[in-house]
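Hi,

Have it open while you read.

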Amino acid sequence: KEIILATVDGIFAISELNKIENFNKIKSNIFDFVTYEGFYTNTQYGVKDILVSGNNLYVSFINKKKKNFFNLKILVSKINLKKLNFKTFYETYGCVDKNNKHGYLAHQGAGGRMFVGDNSIYFTTGEFRNRPLAQKKENDFGKILNIEFKSGKSKIISIGHRNPQGLYYSKKNNFIISTEHGPKGGDEININHEPQKKTKNFGWPIASYGEHYYKNYSKEILDQAPLNKSHKKYGFEEPIKYFVPSIGISEIISLDFDDKEFLIGAMGNEIAEQDLGLHLIKLDNKRKKIIKHKYIPLNERVRDMVISKNKKILILFLETTSSLAIIKKSPY
């Protein structure tokens with residue numbers, strides 16, 4: 001049993017689970033694909049997620065297309081401990097212009113989470129703070145996409161997302177459960193049943209239970225991003241849970257083989273607001289609402305989580321202390 005780790009600036013390493021304090025660096029050619037300085041010097045940019053599928057390693061990152069224009073790219077390499085030789089697997093359609101009326105913030109709006117589907121990858125994208133992009137189907141931003149392994153062709157599964165940071169697809173029950181950052185308040189947990197059937201709209205930036213960070217936006221911006229306090233009233237999908245204030249929501253993982261119990265990471269800075277820890281939720285039998293919710297404080301920003309195939313070993317990346325934690329399920 002081994003774990004692969006990636007740093008935000010593109011360094012890869014591998015370790016055995018029973019010797020997790022000893023990581024061995026893996027060489028790669030990722031630096032041939034990323035030549036802009038911000039990737040290496042500014043944590044706003046960089047690697048967003050890695051995914052192992054079979055003998056392949058996928059990595060998503062913020063790509064500079066040209067001056068002031070950015071998008072997301074996924075690279076793929078066969079897993080080779082001597083050197084990872086990446087090639088392009090997918091690049092988002094369209095670019096985000098840093099110079100737009102809504103502004104630009106990559107670290108608060110990139111998404112980039114990946115999860116294996118049926119012969120495909122589900123992939124989340126944010127809108128980089130250019131809010132109207134999330135409601136426009138002619139671009140890939142503020143969306144959840146499905147990308148075929150063989151062809152690399154993509155399909156928009158859902159729109160109206162701000163910054164989806166957690167993603168899980170249940171093959172057994174055919175639903176996506178995702179988490180995403182709201183603005184000032186309004187972090188969400190969303191469920192999409194039979195996601196291949198119809199492109200659903202989760203409302204951002206027309207609907208949100210959060211508020212704008214600033215009060216002096218122009219009428220034009222507020223008309224485009226009114227943040228109405230109902231999703232259903234405006235024809236959108238309601239979250240199954242939202243958090244006000246926000247918890248700095250991050251990854252979501254399934255804890256059981258029936259996909260009813262999930263663990264969600266929380267970052268933020270305030271334990272009083274249920275940040276800095278874990279949230280355990282349990283869904284009803286139809287997996288349409290939450291019937292149990294428990295907060296577990298850790299006093300650590302939980303940035304990422306993975307769980308073993310047998311669901312017995314959980315690994316957390318704790319951002320506050322830049323450390324890994326291993327949790328083993330009790331047999332009792």
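Predicted model: local features only at pLDDT ≥ 70, side-chain atom pairs only at ≥ 80, totals over all residues.

Residues are numbered from 1 along each chain as its sequence is written, and side-chain values use heavy atoms, with hydrogens and water left out.

Let's begin with a pocket. On a 1 Å grid over the protein atoms alone, a pocket is an open set of points where a 1.4 Å probe fits, with protein on both sides within 12 Å along at least five of seven lines, and lining residues have an atom within 4 Å of a point. The second largest pocket holds about 230 Å³ of space; points are joined across faces, edges and corners, and the volume is the space filled by probe spheres set on them. Its lining has 14 residues, and L255, L263, L314, I327 and K329 lie nearest the centre. Strands β21 (277–283), β24 (313–318) and β25 (323–328) each give at least two residues to that lining.

Two of those strands also belong to an open sheet of 3 strands, in the order β23-β24-β25 with antiparallel pairing. (Two strands pair if DSSP finds at least two bridges between them.) β23 (302–307) and β25 are the edge strands with a single partner each, so one side of each has no neighbour in the sheet. On average, neighbouring strands here are turned by 20° against each other, direction ignored; the axes behind that angle are lines fitted to C-alpha atoms, and angles run from 0 to 180 degrees between N-to-C directions. β23 and β24 share 5 bridges, and V302 sits opposite L318 in β24.

Now look at G277, which is in β21. Is G277 buried or exposed? G277 is buried, at 0% relative accessibility. (Buried means under 20% relative accessible area, exposed over 50%, and partly exposed in between, with a 1.4 Å probe and protein chains only.) Beyond its neighbours within four places in sequence, G277 has contacts (heavy atoms within 4.5 Å) that include I264, Y295 and V302. G277 and I264 are 13 residues apart in sequence, and their C-alpha atoms are 8.6 Å apart.

Another buried residue is H102, with a relative accessible area of 7%. H102 lies in the loop between β9 (96–97) and β10 (111–116). The H102 side chain makes a polar contact with the side chain of R131 at 2.9 Å. (That means a pair of N or O atoms within 3.5 Å; within protein, one must be able to donate a hydrogen and the other to accept it, and residues adjacent in sequence count only if both atoms are side-chain atoms.) Among the other residues that H102 touches are I221, Q224 and A225.

β12 (144–148) and β13 (154–159) pair antiparallel over 4 bridges, with N146 opposite K155. Their hairpin has 5 residues between the strands, and G152 takes a positive phi near 75° there. β13 also runs parallel to β17 (200–201), joined by 2 bridges, and S158 stands opposite K200.

Happy exploring!
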